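Have the structure open beside you and turn it as you read.

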Amino acid sequence: MTEKNTDNKKVGVYICYCGGNISDHVDVEEVKKRAEKMPNVVVARTNMFMCSDPGQELIINDLKSGKIDRVVVASCAPSLHEATFRDAIKRAGSNPFIYEHANIREQVSWVHHGEPATDKATILIASAAAKANLLTPLDPIRVEAKKHTTVIGGGIAGIKTAIDIAQTGINVALIEKSSLLGGQLNNLDKLAPSGEKASEVLQELLDQILTHKSITIHTDCEIEAVQGYVGNFSLSISKKSDNKIEKLNIETGAIVMATGAIPYIPFDGEFGFGQHEQVITLQNLIQILKNNKSTGSILEVNGKRIRNIVMIHCVGSRQIPGIHQPKEDGKLNEYCSRTCCAAMLNASNQIKENFPATRIYEMYRDIRTYGRGQEELYTQASANKVVFMRYEANAQPEVSLTRDSDYPFQVKVKDSLTFNEEMDVPADLVVLATGIEPDDVSGLASMMKLPIGTDKFLLEVHPKLRPVEFPITGIFLAGTCQAPMDVGEACNAAGAAAVKASALLRKGFIELDPFVAEVNPNKCQGHGACIEACLKEGALTLVEVDIDGKTVKRAQVTAAMCLGCGACAAVCPEKAIDINGWALKQYEDMVDAIVSDGFAV
Amino acid sequence: MTTINLDFAEELKEYSDDTALECFNCGTCAAICPLVHDNFPRRMIRYIQVGAREKILENSDELWRCLHCGLCTHTCPREADPGEIILGLKRFVVANWRRS
């Protein structure tokens with residue numbers, strides 16, 4: 001329950017030089033003098049780096065001595081140091097939510113100069129001090145969390161996530177839609193760039209997962225519904241077994257999406273695919289090499305001697321509007337699939353080293369051997385006398401059948417490495433470097449309200465700083481459901497998602513920021529406007545309560561689900577609902593401080 | 001339009017050392033060549049790499065402008081020995097000239 005705030009508070013203002021980042025453009029000492037005159041401000045101090053230990057000590061000492069009971073720090077963006085200063089307040093024995101931040105670096109000194117900068121810094125501090133005066137101590141929302149995680153998808157990313165989570169002592173359910181674990185790894189052979197056998201990598205993980213007591217594996221399962229919130233999700237699952245469908249329910253604390261991706265399948269006639277059996281995909285070639293038993297100096301495929309292979313890169317990847325043919329839904333794969341260059345070179349090297357009489361022409365747009373050990377594959381392919389030809393996106397190679405040659409195909413290419421001259425390359429086999437496409441998980445994504453990017457892959461919160469998290473707390477992602485990745489990268493992501501999920505559930509409860517809606521029961525009349533405006537299903541409900549012997553309806557907040565957006569506060573005709581830490585009255589006082597002329601003189 | 005001759009590298013071994021596939025198309029040889037002729041000897045070496053046998057015969061007069069000063073061989077970062085390759089191509093062209 002929010003503490004009533006009647007008396008004026010004692011606000012301390014702490015202004016940072018940021019080592020010149022702020023003070024080069026803002027007259028910090030002048031701002032301090034002006035701040036001292038603001039209502040309810042009892043002390044204003046400056047420091048070269050307020051985030052340093054001596055800077056934090058200033059705040060801690062003033063709080064401990066009782067000089068102040070509300071804190072405003074004027075420094076960089078709150079995303080950088082808000083947590084630092086809340087923590088300092090906690091160490092002084094005070095409630096960390098009596099804190100307000102004024103951003104006078106990104107919003108002032110980095111974009112304004114001279115007197116206007118000093119004036120704007122003053123105004124932002126006045127506004128923060130006005131809000132601080134109305135701040136009340138708040139408690140984090142404590143949610144009991146089940147020490148259990150559900151991993152969706154039994155490919156390499158899902159398996160690795162499950163094992164890593166289970167090793168921290170948290171139970172795991174692994175849900176797989178097919179009857180087989182391992183996903184795309186089942187279709188691979190020697191993995192680029194280092195050459196481990198995919199089957200051995202998979203077997204090593206299967207040995208661990210199948211014997212792990214804390215992991216339950218559910219194959220042949222479809223997820224029908226997902227409900228609940230962080231720490232308390234509930235999944236309804238249907239499992240196919242012996243021609244009957246079994247229903248099961250899983251209560252879980254966190255969810256990891258590891259739903260994977262699928263190989264691109266060329267359309268009928270794309271470089272002759274589907275029309276000639278000797279036009280194959282990279283995945284087909286890997287299968288052929290995996291099962292090949294021929295021992296001569298020349299590769300044989302389907303009993304035919306392969307004297308020359310033409311490999312065409314970037315098939316189904318890096319597609320350009322107006323040049324490439326979109327799918328029926330208008331979709332183009334504009335991204336680079338990343339794994340195909342190394343996989344193609346890996347296959348070429350295997351062929352040249354085992355069947356030196358088979359020649360290889362690789363036709364590429366760009367060779368992207370981006371990772372450790374990958375450029376070496378290219379160097380090795382050059383040493384193995386693989387011939388590279390480069391085509392431009394708007395002049396794709398053309399595969400056609402020959403009439404009077406003893407080679408079945410000729411591939412016409414405009415080779416920019418031979419000064420854009422056109423050449424016909426005879427071939428026995430054409431291999432298309434087909435890339436990775438997102439699997440359709442729109443059903444699951446809409447159940448959990450997960451964002452999907454324009455490339456149709458699942459979308460993380462932040463590509464650099466929060467790469468394995470969704471904006472929905474308690475749901476994570478790993479592997480190729482997010483973007484094209486090789487096995488190593490998928491395992492990296494899996495490890496990160498596992499640590500995130502374990503850290504979240506480790507304590508058995510979760511503390512969430514208290515910036516959520518709260519209903520004033522004395523004012524609420526049960527109109528229900530807030531429930532209609534609410535963006536998050538289940539966060540606000542109308543419940544029946546007894547008041548003076550009568551049963552009436554009142555709004556009730558489920559704090560763990562509330563997003564703190566304020567849509568409810570905006571529509572309530574009684575002003576009976578407000579957001580803790582961001583109340584309407586606080587906003588009003590901030591605006592009053594900004595528009596009053598008094599401070600910036 | 002040229003049709004690639006996949007056996008050309010093999011055929012050329014009789015006339016020249018097999019160093020053309022060392023070349024990674026940097027163009028240093030063409031930049032240093034005092035003949036100021038378009039992409040010489042780079043283009044010829046590329047023709048060998050891909051197997052454009054007919055292109056070499058069609059453009060063979062270019063080969064006789066080379067004075068064998070040795071600058072390309074001296075500066076080649078891959079030690080592909082362009083000067084020796086050009087000399088080899090002359091032998092190849094002469095041999096095929098008489099035949100046709």
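In chain A, Ser400(A) stands opposite Gln410(A), a residue of strand E21. Before going on, note that this is a predicted model, in which local features need pLDDT of at least 70 and side-chain atom pairs count only at pLDDT 80 or more, while totals for chains, interfaces and linings use all residues. Residues are numbered from 1 along each chain as its sequence is written, and chains are lettered from A and ligands numbered from 1 in the order in which they are written.

Strand E20 (residues 398–401) of chain A is joined to E21(A) by four bridges, and the two run antiparallel. Two strands are said to pair if DSSP finds at least two bridges between them. On E21(A) there is also a pairing with E22(A), antiparallel again, over seven bridges. Here Val411(A) faces Val425(A) in E22(A). E21(A) and E22(A) make a hairpin with five residues between them, and in the turn Phe419(A) has a positive phi of about 55 degrees.

Is strand E21 of chain A largely enclosed or largely open? Five of the seven residues of E21(A) (residues 409–415) are buried, so this strand is largely enclosed by the rest of the structure. A residue counts as buried if 20 or more other C-beta atoms lie within 10 Å of its own, as exposed if 12 or fewer do, and as partly exposed in between, with C-beta atoms placed from the backbone.

Now follow strand E22 (residues 421–427) of chain A to the other chain. It pairs with E1(B) in the parallel sense over two bridges, and Asp424(A) has Thr3(B) in E1(B) as its bridge partner. The contact between the chains takes 15 residues from chain A and 13 residues from chain B. Two residues are in contact if their C-beta atoms, placed from the backbone, lie within 7 Å. On the side of chain B that touches chain A, strand E1 (2–3) and helix H3 (42–50) of chain B each supply at least two residues. H3(B) gives the most to that side, with four residues. Sorted by class, the side of chain B that touches chain A has six nonpolar, five polar and two charged residues. In this sorting, Ala, Val, Leu, Ile, Met, Phe, Trp, Tyr, Cys and Pro count as nonpolar, Asp, Glu, Lys and Arg as charged, and the others, Gly among them, as polar.

Let's return to chain A and look at its sheets. Five strands form an open sheet in the order E14-E23-E17-E18-E19, with parallel pairing. Its edge strands are E14 (279–281) and E19 (387–390) of chain A, each of which pairs on one side only. Within this sheet, five bridges join strand E17 (residues 308–315) to strand E18 (residues 359–364) of chain A, and Asn308(A) stands opposite Arg359(A) in E18(A). Helix H8 (residues 282–291) of chain A lies across E14 and strand E23 (429–434), running at about 115 degrees to E23(A). Such angles run from 0 to 180 degrees between N-to-C directions, with axes fitted as lines to C-alpha atoms, for helices over the stretch in contact.

Another open sheet has three strands in the order E9-E10-E11 of chain A, with antiparallel pairing. Strands E9 (221–229) and E11 (244–252) of chain A stand at the edges with a single partner strand each, so one side of each is left without a neighbour in the sheet.

What lies in the interior? The largest nonpolar core has 154 residues, and Val256(A) and Phe476(A) are among those with the most contacts inside it. Helix H12 (residues 487–505) of chain A gives the most to this core, with ten residues. A second, separate core of 47 residues includes Tyr17(A) and Phe97(A). A nonpolar core is a set of buried Ala, Val, Leu, Ile, Met, Phe, Trp, Tyr and Cys residues joined through C-beta atoms within 7 Å.
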